[in-house]
Amino acid sequence: MNDKRTHIDKLKTLLFGKDLRITKGEPFNKVYPFDFSSYYPEDDYISYQDVPEENVYDIRDFGADTTNADNAGFINAAVEAAAKTAGTVLVDGGDYVTTTVFLKSGVTLFIKRGSALESNKTGEGYNHLGILHADGADNITLTGGGKVKGNGEYFGLKPLWDENMTEHPEYIDVIQMRRDARAQLRFAHRSKYGGPVYFKDCKNVKAHNFIIENAAHWSFRIENCDGVNITDFVINNNRHTANADGFDIAGTSNIHIEHCFVSTADDGICIKNAIWLGNRGEMKNITVKNCEVISCANAFKIGTETTYDITDVTVEDCSFMMTDLYPGTVSGIAVESADGAIVSNIKVKNITMNRVTCPVFIRLCNRNRAAEVDAQSANAVEFGQKKGKASSADKSTFDMLGEVRDIYVENITADGVELPVIVAGFKQKGKIKRVENVTLKSFDITYAPYKEVYDRRAFIPEYSDVYPECWRFRNLPAYALWARHVKGLKLLDFNCSTPRSTWKEKVITEDVI
């Protein structure tokens, strides 16, 4: 790699810089070294748990067997019986292949440690509802110390590269960094069936002492629920299975996530609230505490699917990192409104980061995706299909309504950083919309010890109507903080080491008032 991006390089990026996406081929099920993290502290999160002695419905008594090609009928029969007595469905004695299991109100699913429910390897029989599904259920519990296995490598295409990248190149170059990341991804095959757990319109959900392993899609999808408590939980995925998020919290309020480990390809813990996801209004009161997250995308993110408001979110005492692989995590904390939502009252404190490219990314823009997708078209590409034309709202319904305000981030320690903290509003249609009231306090950032490719640009585009991501801004001319279109930005005890590169400034602000 050269130490300077020339005019020809920039022209090539402009003309031929489309994202790599492999769309053809058969499922590729070989697991490469470092697809899974070498750091995997399962015993710190999962413990042995005694099986209840009463009101227990053992799936083997209903015909389930580890040799069956599909145990769903037997497991669902056990669930139906348990629902009548608010009982416990027991999974013990090994791994049971199943299509979708439909959980009912009052049921506890107890998968004993050492046993599992797992997907088949064809993707047939699921209808995108995944392995465990609950719709309109109350008082359901996942527990026991066992696993739901997604067999994720059977539902992706062969990545461009034949091995994973584990060493940093000579220079920091965000454009090449993004290309390197996508060259290692296993994009969706059309057989992709869904994710391991999908709860919709449920109340009083508890998940404790439980493992999701090797998801093919969103690992734990929590949609339009109220009252969710997740503790001592592990998600351990292939870190190159495209769209394999950890926790996806959509349209859900009153949720508490504590002492969880997530290692995954896409966003680790992601909050969404959008009309095309079937969400219906404001979501609030969300807490994330004492979690470790390894993500090839964003460790914690609000957005990007954001038409309805999100407020009162607290993230504290967490560790975000990347092990074994290059590039590192895209963003540690990402707070975004792209489609018309008001995102407000977000508090983040006591976070350590290692090899996170951008420690904090706060972004307001106006993609207005509701005018371009509906529920089917929004997920088409993620399931290996072509995206059709559709919309879930008139183009004026959410246009220019978004806000990001009242963001407080304190006590951040980040090592191996390769992009500055970014805080950005936008200018579009002759109108400026600013991020408002952001406080960044007690930051200690250590820049990665590599030279940076020289890539000075005459201007930084607004990128106001495209997918928001820190990498989108490419090689910014600041190394500690880059802010544009912000009202009320406070920096208190904000420190960043000087990188080896000399052409960048520490802090650059534009239209910050």
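This is a predicted model: local features need pLDDT of at least 70, side-chain atom pairs count only at pLDDT 80 or more; totals for chains, interfaces and linings use all residues.
Local features need pLDDT of at least 70 and side-chain atom pairs count only at pLDDT 80 or more, while totals for chains, interfaces and linings use all residues. Residues are numbered from 1 along each chain as its sequence is written, and side-chain values use heavy atoms, with hydrogens and water left out.

Let's start with the overall fold. The protein chain holds 5 helices and 32 strands (DSSP runs numbered from the N terminus: H or I of at least four residues for helices, E of at least two for strands). Its C-alpha trace spans about 70 × 45 × 45 Å along the principal axes. Of the 513 residues, 61% are buried, meaning under 20% relative accessible area with a 1.4 Å probe, protein chains only.

Now for helix 3, residues 72-83, with 12 residues. Ala72, Ile75, Asn76, Ala78, Val79, Ala81 and Ala82 are its buried members. Their cover includes strand 1 (56-58), strand 2 (88-91), strand 4 and strand 6 (116-118).

Next stop, Thr100, in the loop between strand 3 (95-97) and strand 4 (101-102). Is Thr100 buried or exposed? Thr100 is buried, at a relative accessible area of 5%. Leaving out residues up to four places away in sequence, Thr100 touches Ala72 and Asn76, along with Gly125, Tyr126, Leu129, Gly130, Ile131 and His133 (a contact being heavy atoms within 4.5 Å). Ala72 and Asn76 are among the buried residues of helix 3. As for Gly130, the Thr100 side chain reaches its backbone oxygen at 2.7 Å.

Key: Buried means under 20% relative accessible area, exposed over 50%, partly exposed in between (1.4 Å probe, protein chains only). A polar contact is a pair of N or O atoms within 3.5 Å; within protein, one must be able to donate a hydrogen and the other to accept it, and residues adjacent in sequence count only if both atoms are side-chain atoms. The expected span of a helix is 1.5 Å times one less than its number of residues.
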